[in-house]
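Please open the structure in your viewer and keep the sequence at hand.

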Amino acid sequence: MIKHLLVLISFVTLISCSTDGMDTVAENNPDETPIATELYFPSTTSAEWETLSETELNWNTNTGTELQTYLEEQNTKAFIILKNGKIVNEWYFNNFEADDSWYWASAGKTLTAFTVGIAQEKGYLDIADKSSDYLGKGWTSLTKEQEDKITIENQLTMTSGMDENAFTCVSSDCLNYIADAGNRWAYHNGPYTLLQDVVANATATNYNLFFNTELKSRIGMDGFWLNTEATNNVYFSTAKSMARFGLLILNNGTWAEDPILEDQAFFEAMTTSSQNLNPAYGYLWWLNGKSTYMLPSSQEVFNGSLITTAPNDLIAALGKNDQKLYVVPSENLVIIRLGDAANAENFALSTFDTDLWQLLSTYMGLD
C-alpha cells in the first residue's frame, strides 16, 4: 500500500447537467421532497463532498448491510457509490483509509484513452495517423508495410495484430506480427503502454506533465503514475480520485461547467463498440449489454452480456485483481472498488463482477 496525501479536493457546487429533472417519490408519498437528479460536482479546492443517504433514495438498507459484509470478506479496501454525483456509500476495510492510495492496474488504461482524446482535440495528433509517425519507423519487428497499417486507433482498440504473448514488452524485438492491424482483437499491454509515448512525442512534452495539466489537476484528482516494471506504467490514487474520474465520464467529459474533453465524437467512440471483433470493448473501456464479448488471454468469443446482473448501459474500467470503476449513465451511478483479488487473480472480468452486481441491483432496486 502506498500512502499518498489526498490533494485538497472539493468545496461544494451544484451544477446542472442532467435533463432528467427530479426523481419522483412513491405515489403514496406525494408530499415528499423529490431527489434532484442534476449532477453535483465537488470543487477542486476543498475536501468537502456532499452526501445522499440510502434512506432518501429508498434503497434496501438490509441488503446494504449484506453488501458491506460481502465486500469486506472479498478483500476489498475501498468502496464508493456516487448517485447524482453525491456520495451514498464510502467504505474502507482491512486497515485501508481514505487518504491511502492504491493501484488502478488496467483500469488506468481509461485515463490514457481520455488523454489521447484531449491530445487529438488540441490538434497534436489524429487517431487515424500511423503509430510510426510518433513512435518512429521500426518500432515493431514487422515489415514496413505491416507496421504502416497500425494506427493510434488500433492501439486504443487492442487491434494492432501483434502477438500478445509477450504481454508487457514494448521493444521492437518482441512486437511480432500475427495478423494485419484491424483483423484480430487481443488484449495486449505493450501497444497500449506505447500510447503514452505517442502522446509525449506528439505534444513534445512529458506524458505525466500533459496528463497532470490537461486532466488530473482540472478535476481535482490526486495520484501519480508509477513504473512498476521496466515496461509497465501504473496509476495510483485514492478511491475518491477514481470516483472523480468516473463522475467526469458520467458527464460526457465535462467537469461541472469545464469541458475537459469537448470532442463528443471521440467520447462516443471511446464508450461504444470500437470494432466488430469484440463489441464489448471501446477505446480501452469495457462495455456491458453487447451480444458477444472476448476476454484477455483468450481468442474465444463468448455469447451474451459481459455482466449479466448489471445494467446494459454500464461501462467499466477493469483492472487486475478486481480494481473496478463502473459508470451507469441511465442511473447516474459511479461505483468504485479497490483492493486485493476477491477470489483469484484475474486480468479484468471475474465472477466477482456478477456477484457484486447481483447484490447492488437488489440494494438499489434495479432488479
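**First stop: Glu66**

Select Glu66, which counts as partly exposed because its relative accessibility is 47% (buried means under 20% relative accessible area, exposed over 50%, partly exposed in between, with a 1.4 Å probe and protein chains only). The model is a predicted one, in which local features need pLDDT of at least 70 and side-chain atom pairs count only at pLDDT 80 or more, while totals for chains, interfaces and linings use all residues. Residues are numbered from 1 along each chain as its sequence is written, and side-chain values use heavy atoms, with hydrogens and water left out.

Glu66 belongs to helix H1 (residues 61-73); helices are DSSP runs of H or I with at least four residues, numbered from the N terminus.

**Second stop: Thr151**

Next, select Thr151, in the loop between helix H4 (144-147) and helix H5 (152-157). Thr151 counts as buried because its relative accessibility is 15%. Leaving aside residues up to four places away in sequence, Thr151 touches Ile127, Ala128, Asp129, Lys130 and Ser131, where contact means heavy atoms within 4.5 Å.

Finally, select Phe114. Among the residues that Phe114 touches, not counting those up to four places away in sequence, are Leu215, Phe245 and Met270. Phe114 of H2 and Leu215 of H7 also take part in the contact between these helices.

Terms used
Helices (H or I, at least four residues) and strands (E, at least two) are DSSP runs, numbered from the N terminus.
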